[in-house]
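I open this notebook to look up a few local features, then the sheets, the helices and the contact between the chains. The entries follow the order in which I looked.

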Amino acid sequence: MKKSEMLFAANYRYNLDRDLFVNRQAKKAFSIEFVDDKPATAVRKRIEEATDGTEWRFYFNHPPPESVRRLLEQDLEAA
Amino acid sequence: MEARTPEDHLREQYFDLLPEMQRVVLQLEAEVRYHTLPILHTLGIGEQLVVDSRVKECESALQKLLRIKGLEGRKFDPDCAGGYSLLDLPDLAAVRVLVFPNRRLDEVDKTLRAHFQNWTAKPLKDRKGEVLAPRYIGHCEDVSRAVRAEYQVVPMLLGLFWRVEHPAMYKFRRVANSREMRRRRGEVERVLAHFEQGIEPYILPRSGE
């Protein structure tokens, strides 16, 4: 299964403005660069990673600075 | 008062630069038209040479900057509000020369290349790395040393296809980059080239050429 299909199957939606795969319920977001660059097994592992759903997790090649993280969280909560 | 965001700074920069961008695109378009005029006058029935130009739109410039900077999540860092510049974009002003049939393309390319000798070649390529059209990036130094511009010389059928395809695909980049759409785009490019190969022998230059 392709990486994007794995994400869609796990209830992620593609956010065109941010180029992110987002699952609001799980509060997880994957950047397109991360998905493109990492092998399917690594993406699968992150999809399956358990969270308590209280804080957003961003799977980026380069973790966003706190200031960007706050903006992204606001955007994704409002979406 | 709320702190200004990077987008505020960039929009201000855009409108500060706009008159300069307009001067650059006018200059570039005029030079391209001037240098291709002798070719235009020799076109035969069915042959075409069309010069198009544009200044990049503000929001499009911001979006492109996000992408070329590789900013994941497509957000500027508010802690670097003044740290971004639209002058990093290579195509704030752009001219596209559409040519039909293809045998005229080399002629136009060589003619312009002779005039824009210092410009850097960055050919437009397909997914397999094959050159689709010549493209050059540089400065119209009489007008601006800051704003970079580009010109392309494009097979007309392909250029007209891009005029529809690019805005649609730009809006839906994920779909655009899917294997299926890449395949379909490749098919269109091949079919257009095939059509052109078929018709080209029948489109004759003006007699005496």
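Entry 1. I found A:Asn11 in the loop between helix 1 (3–9) and strand 1 of chain A. Helices (H or I, at least four residues) and strands (E, at least two) are DSSP runs, numbered from the N terminus. Phi of A:Asn11 is near 70 degrees, which is positive although the residue is not glycine.

I note the conventions here. The model is predicted, so I read local features only at pLDDT of at least 70 and side-chain atom pairs only at pLDDT 80 or more, while totals for chains, interfaces and linings use all residues. Residues are numbered from 1 along each chain as its sequence is written, and chains are lettered from A and ligands numbered from 1 in the order in which they are written.

Entry 2. I looked up A:Lys27 for its backbone angle. Its phi is about 55 degrees, positive in a residue that is not a glycine. A:Lys27 sits in the loop between strand 2 (20–23) and strand 3 of chain A. With 18 C-beta neighbours inside 10 Å, A:Lys27 counts as partly exposed.

Entry 3. I turned to the sheet of chain A. Four strands make an open sheet in the order 1-2-3-4, with mixed pairing; two strands pair if DSSP finds at least two bridges between them. Strand 1 (13–15) and strand 4 (57–59) of chain A are the edge strands, each pairing on one side only. From one strand to the next, the twist averages 25 degrees. Strand 3 (residues 28–31) and strand 4 of chain A run parallel and are joined by three bridges. In that pairing I noted A:Phe58 of strand 4 as the bridge partner of A:Ala29.

Entry 4. I went on to the sheet of chain B. What is the order of its five strands? The sheet is open, with the order 1-2-7-6-3 and mixed pairing. Its edge strands are strand 1 (48–55) and strand 3 (120–121) of chain B, each pairing on one side only. Strand 1 and strand 2 (residues 93–100) of chain B pair in the antiparallel sense over eight bridges. B:Leu49 stands opposite B:Val99 in strand 2 of chain B. Helix 1 of chain B packs on the sheet, touching strand 1, strand 2 and strand 7 (149–155) of chain B, and its direction makes about 175 degrees with that of strand 1.

Entry 5. I looked at strand 2 of chain B by itself. Eight of its eight residues are buried, so the strand is largely enclosed by the rest of the structure. In a regular strand the side chains alternate between the two faces of the sheet. B:Ala93, B:Val95, B:Val97 and B:Val99 are buried on one side, and B:Ala94, B:Arg96, B:Leu98 and B:Phe100 on the other. Strand 2 runs parallel to strand 7 of chain B, and seven bridges join them. B:Arg96 has B:Gln152 in strand 7 of chain B as its bridge partner.

Entry 6. I followed the chain past strand 2. The peptide bond from B:Phe100 to B:Pro101 is cis, with omega near -5 degrees. B:Pro101 is placed in the loop between strand 2 and helix 3 of chain B.

Entry 7. I checked how two helices of chain B meet. The axes of helix 1 (residues 6–40) and helix 3 (residues 103–115) of chain B come within 10 Å and cross at roughly 130 degrees; axes are lines fitted to C-alpha atoms, for helices over the stretch in contact, and angles run from 0 to 180 degrees between N-to-C directions. The two helices are therefore oblique to each other, the class left when angles under 35 degrees count as roughly parallel, over 145 as roughly antiparallel and 65 to 115 as roughly perpendicular.

Entry 8. I ended with the two chains. In chain A, 17 residues are in contact with nine residues of chain B, contact being C-beta atoms, placed from the backbone, within 7 Å. Helix 4 (residues 66–78) of chain A gives the largest share of chain A's side, four residues.

Key. Two residues are in contact if their C-beta atoms, placed from the backbone, lie within 7 Å. A residue is buried if 20 or more other C-beta atoms lie within 10 Å of its own, exposed if 12 or fewer, and partly exposed in between; C-beta atoms are placed from the backbone.
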